[in-house]
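User: I am new to this structure and would like to learn how to read it. Could you take me through the features one at a time?

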Amino acid sequence: MKLLRHGRARSEKPGLLDRDGAVRDLSGVIDDVAGDALLPESLARIKAIDPKSLPAVPASVRLGPCVGRVGKFICIGLNYSDHAAESGMPVPAEPILFMKATSAICGPDDDVMVPKGSQKTDWEVELGVVIGKPAKNVSERDAASHVAGYCVVNDLSERAFQLEGTGQWVKGKSADTFGPIGPWLVTPDEVPNPASLNLWLDVDGRAYQRGTTAHMIFGVPFLVSYISRFMSLQSGDVISTGTPPGIGMGQKPSPVYLRPGNRIRLGIDGLGEQHQLVIVTE
């Protein structure tokens with residue numbers, strides 16, 4: 001299934017994408033694509049519904065973030081060997097964890113706002129993992145049973161805020177609109193091998209990021225298991241699993257950063273595309 005959320009920002013309704021690419025409303029079935037609706041038994045009930053029996057939604061509807069009420073937005077740093085090399089950093093011996101504020105979350109095609117004082121706003125296409133069944137101290141073998149689905153994430157970052165001051169990376173990762181997720185939450189039955197997905201990102205039609213999850217240092221089962229050792233994972237938590245090479249900071253001979261008017265296009269095989277216009281902060 002491809003689950004989604006549609007409508008005005010902060011008032012989104014649950015929905016799904018049918019086989020013809022039309023949006024169908026799930027409001028009569030679940031209250032949101034969030035919380036208990038992401039448990040295995042709930043997903044099984046939704047899957048049993050004939051999409052044609054659900055109300056159709058106009059094709060022009062805005063798509064919101066594909067998951068609601070996200071409790072934790074957990075990110076993995078330097079999780080692609082080729083990205084670590086372009087960043088001039090060693091391959092980590094264990095996952096680098098950091099948090100992104102949930103207030104950064106927005107829809108896949110919403111405008112991206114450059115923060116006040118920013119000169120180094122950057123892009124990162126990433127595979128997002130959405131937790132279904134809560135996880136605590138789970139084994140790598142059992143980790144997949146705790147995944148509700150996968151989505152596209154743009155882990156936007158302000159490099160000066162992230163790296164040039166003191167403190168943690170969260171400062172450069174958490175500006176409003178720095179966390180577009182979606183368009184869809186794609187359930188695992190449609191993603192048979194999350195370790196073999198192509199990722200890509202363009203800015204103004206120029207190809208910057210081209211990668212594959214096959215180059216991830218730590219795969220999805222390991223990450224879910226590893227993180228669950230340090231914190232419980234709840235239904236709707238999002239794990240952003242790292243980015244391939246091609247970020248703006250890594251461009252040669254000099255870095256390239258986002259400016260108002262730029263248009264970003266990114267996607268992952270089978271998980272859909274995002275399209276964003278870069279604007280100044282309101």
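Analyst: Start with the radius of gyration, which is taken over C-alpha atoms; the globule rule is 2.2 Å times the number of residues to the power 0.38. Two notes come before the case. This is a predicted model: local features need pLDDT of at least 70, side-chain atom pairs count only at pLDDT 80 or more, and totals for chains, interfaces and linings use all residues. Residues are numbered from 1 along each chain as its sequence is written, and side-chain values use heavy atoms, with hydrogens and water left out.

User: What does the rule give for a chain of 282 residues, and what does this chain have?

Analyst: A compact globule with 282 residues would have a radius of gyration near 19 Å. This chain has 18 Å, which agrees. Along its principal axes, the C-alpha trace spans about 55 × 45 × 30 Å.

User: How many helices and strands are in the chain?

Analyst: Helices (H or I, at least four residues) and strands (E, at least two) are DSSP runs, numbered from the N terminus. The chain has five helices and 18 strands.

User: How do I read burial and surface?

Analyst: Buried means under 20% relative accessible area, exposed over 50%, and partly exposed in between (1.4 Å probe, protein chains only). Here 56% of the 282 residues are buried. Accessible areas come from the Shrake-Rupley method with a 1.4 Å probe; for residues, only the protein chains shown count as cover. The chain's accessible surface comes to about 12100 Å². Carbon and sulfur atoms hold 53% of that surface.

User: What share of the contacts joins residues 24 or more positions apart?

Analyst: Contact means heavy atoms within 4.5 Å. Take the contacts with a separation of 6 or more: residues 24 or more positions apart account for 74% of them.

User: Where is D155, and is D155 buried or exposed?

Analyst: D155 sits in the loop between strand 10 (147–154) and strand 11 (157–158). D155 counts as buried because its relative accessibility is 1%. Leave out residues up to four places away in sequence, and D155 touches C75, F98, K100, W123, E124, E126, K173 and F178.

User: Which residues of helix 5 are buried?

Analyst: Helix 5 (residues 220–228) has seven buried residues out of nine, so it is largely enclosed by the rest of the structure. The buried ones are V220, L223, V224, S225, Y226, I227 and S228. Their cover includes strand 4, strand 5 (96–99), strand 9 (125–131), strand 10 and strand 16.

User: Now the exposed side. Where is K252, and how far is K252 from E86?

Analyst: K252 lies in the loop between strand 16 and strand 17. K252 is exposed, because its relative accessible area is 70%. K252 and E86 are 166 residues apart in sequence, yet 9.9 Å apart in space, C-alpha to C-alpha. G167 counts as exposed because its relative accessibility is 65%.

User: Which peptide bonds are cis?

Analyst: Read the omega angle. The bond from G182 to P183 is cis, with omega near 25°. The bond from K252 to P253 is also cis, with omega near 5°. P183 is in the loop between strand 12 (179–180) and strand 13 (185–186). P253 is in the loop between strand 16 (238–240) and strand 17 (263–268).

User: What is phi in L78 and in D204?

Analyst: Phi of L78 is near 55°, positive in a residue other than glycine. L78 is in the loop between strand 4 (73–77) and helix 2 (81–86). L78 counts as buried because its relative accessibility is 9%. Phi of D204 is near 50°, again positive in a residue other than glycine. D204 lies in the loop between strand 14 (198–203) and strand 15 (206–212).

User: How do I read strand pairing?

Analyst: In a regular strand the side chains alternate between the two faces of the sheet. Two strands pair if DSSP finds at least two bridges between them. Strand 14 and strand 17 run antiparallel, joined by five bridges. There D202 stands opposite R265 in strand 17. Six bridges join strand 17 to strand 18 (residues 272–280), also antiparallel. L266 stands opposite Q274 in strand 18. The hairpin of strand 17 and strand 18 has three residues between the strands, and G270 takes a positive phi near 80°.
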